[in-house]
Amino acid sequence: MSHSRRQFLSRSAMVAALAVLPAPFKALAARSRFNFTPVRRGVGIFEARGGTIGWLVRDKALVAVDSQFPESAQACLDGLTEKSGRRMDLLINSHHHGDHTAGNSVLGANARHIVAQSNVPVLQKRFYGKSEREQKYADITFEETWTQDLGDETIALNYFGPGHTGGDSVIHFQNADVAHMGDLVFNHRHAYIDLPAGCDTRNWMTVLERTYDMFTDNTVFIFGHGNPTHGILGTRDDVLVMRDYLGALRKAVSDGIRDGKSSADIAALGLEGFESHRIDGSTKGIEGNLMAVYEELTEAVE
Ligand SMILES: [Zn+2]
């Protein structure tokens, strides 16, 4: 596949992903201060613009997972400081994507440390190092696992190999039994398949299976993005739905390739059985995912 074709497909996948991000920031900014939702035992979520921020507020712990964009990061920091009165101990980056790290310049600048899997700062530098936005990078990195006791909570990070990108962590607040999945799960909606950043849909499925196995039905999951109906909180059954969605994409594409279909023909088929993954009834996002997986699978056999 030619370089320009690859760029075109990657870009169209990205446009599809961006097209369904929540409503414009201006409308959300007004209510962002109030967008703190407690989940369990001091862990909660903050929603404004970009990937869901997770937080931990306890007597001796103040932690955020992901930082959205500078404007919403400031609203989040203000709210967390009001709740806690404590300087932030940790900012954790679930992965490098801009809607999860662009606010590092605010939340990270006010945290003692930023923690991420070791590929995260590398990818962040590669894709955003020359952007106008100020980047702030993790100063604590790990390869496969990292744990830290903080106050009366234990935080455990796991990296199971490439999935949504080449550096996604599964983040577990063990005592609360709440897990932040970053973008390893797009809850009942199409995904962002970012091949240049190391996305690997086959291993992504394995990552989700390992995640399912290490948790229980009691675990509450926080997802980076979700379908408006299903939201951004869920259970490990939702983790399996994401695995099944990726499996269905891969099967539809490999069957189409076997039958000699073009990527456009395969995309036009849509994906039966995953109607709930459409946003506002649109099939565009799923079509973009099918084209991205076509690119992934055809590159792999060349
Ligand atoms: Zn992402």
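The entries below follow the order in which I looked things up.

**Ground rules.** I am working with a predicted model, where local features need pLDDT of at least 70 and side-chain atom pairs count only at pLDDT 80 or more, while totals for chains, interfaces and linings use all residues. I number residues from 1 along each chain as its sequence is written, and side-chain values use heavy atoms, with hydrogens and water left out.

**The zinc ion.** I looked up its protein donors (N, O and S atoms within 2.8 Å of the metal, or 3.2 Å for Na, K and Ca; water is not among the atoms, so sites may look incomplete). I found His 95 (NE2), His 97 (ND1), His 164 (NE2) and Asp 183 (OD), lying 2.2 Å from the zinc ion. Their spacing in sequence reads H-x1-H-x66-H-x18-D. His 97 sits in the loop between β5 (88-92) and α4 (98-101), and His 164 in the loop between β9 (153-158) and β10 (170-173), so this pair ties together parts 67 residues apart in sequence. I take helices (H or I, at least four residues) and strands (E, at least two) as DSSP runs, numbered from the N terminus.

Are these two histidines, His 97 and His 164, buried or exposed? Buried means under 20% relative accessible area, exposed over 50%, and partly exposed in between (1.4 Å probe, protein chains only). His 97 is buried at 3%, and His 164 is buried at 0%.

**Salt bridges.** I counted a side-chain nitrogen of Lys or Arg within 4 Å of a carboxyl oxygen of Asp or Glu. The whole structure holds 11 salt bridges. One of them joins Arg 58 to Asp 152, with the closest N and O atoms 2.7 Å apart. Arg 58 is in strand β3 (residues 53-58) and Asp 152 in the loop between β8 (145-150) and β9, 94 residues apart. Arg 58 is partly exposed at 26%, and Asp 152 is partly exposed at 35%. I also noted a network of salt bridges linking Arg 41, Arg 58, Asp 152 and Glu 153.

Within helix α8, Asp 255 and Lys 251 are 4 residues apart, about one turn. Their closest N and O atoms are 2.6 Å apart.

**Positive phi.** Arg 41 is not a glycine, yet its phi is about 50°. I found Arg 41 in the loop between β1 (36-40) and β2 (43-46). Gln 68 also has a positive phi, near 50°, and is buried at 0% relative accessibility.
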